[in-house]
Amino acid sequence: MRLLRSTDLALRVLMRLAVAGGSSPTTREVADGMNVPYTHLAKVVAELQHMGLLAARRGRGGGLTLTEQGRTASVGAVVRAFEGSGDVVDCEGATPCPLNSACRLRGALRRAQEAFFASLDPVTVKDIVAEPTGVLLLGISRGVDPRDV
């Protein structure tokens with residue numbers, strides 16, 4: 001299974017903010033640090049804000065901060081929210097599969113997808129930035145060698 005780019009970005013933004021400490025980077029600063037287009041990241045940030053996982057303040061002294069709900073958010077829930085509940089394969093697309101009425105693959109893939117999500121459910125954002133990841137993230141976000149942190 002391959003995650004959507006927006007799902008990947010959402011998880012990386014949450015991780016970045018989880019190690020931000022007292023700083024509140026702007027969406028542009030995070031986009032630049034992650035080397036992704038600002039407009040794409042802004043959409044992801046808006047969705048994370050809508051989910052209550054981060055807070056965004058505009059203007060001077062503004063920026064992004066992770067909420068407590070964001071710190072304890074389940075990675076599985078975040079992935080589900082961004083990936084949606086659609087099937088892994090499109091059996092009823094422009095050219096519907098002729099096996100659709102008697103196919104066992106679709107159900108097996110759905111169970112595998114749910115097992116994937118379920119394996120991420122107990123993992124929180126706080127868990128994925130624990131040592132040594134947090135130290136590395138700090139180094140990357142500050143543009144310094146993590147060994148010097």
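**The chain and its cysteines**

Modeller: Take contacts (heavy atoms within 4.5 Å) in the chain between residues at least 6 apart in sequence: 64% join residues at least 24 apart. This is a predicted model, where local features need pLDDT of at least 70, side-chain atom pairs count only at pLDDT 80 or more, and totals for chains, interfaces and linings use all residues. Numbering starts from 1 along each chain as its sequence is written, and side-chain values use heavy atoms, without hydrogens or water.

The chain holds 8 helices and 2 strands. These are DSSP runs: H or I of at least four residues for helices, E of at least two for strands, numbered from the N terminus. Read from the N terminus, the order is α-α-α-β-β-α-α-α-α-α. The C-alpha trace spans about 60 × 30 × 25 Å along its principal axes.

Now the disulfides. A disulfide is a covalent bond between the sulfur atoms of two cysteines. The cut-off here is a pair of cysteine sulfur atoms within 2.5 Å. Searching the whole structure gives 0 disulfides. Cys97 is in none; its nearest cysteine sulfur belongs to Cys103, 5.8 Å away.

How exposed are they? Cys97 counts as partly exposed because its relative accessibility is 31%. Cys103 is partly exposed as well, at 29%. Partly exposed lies between buried (under 20% relative accessible area) and exposed (over 50%), with a 1.4 Å probe and protein chains only. Across the chain, 33% of the 149 residues are buried.
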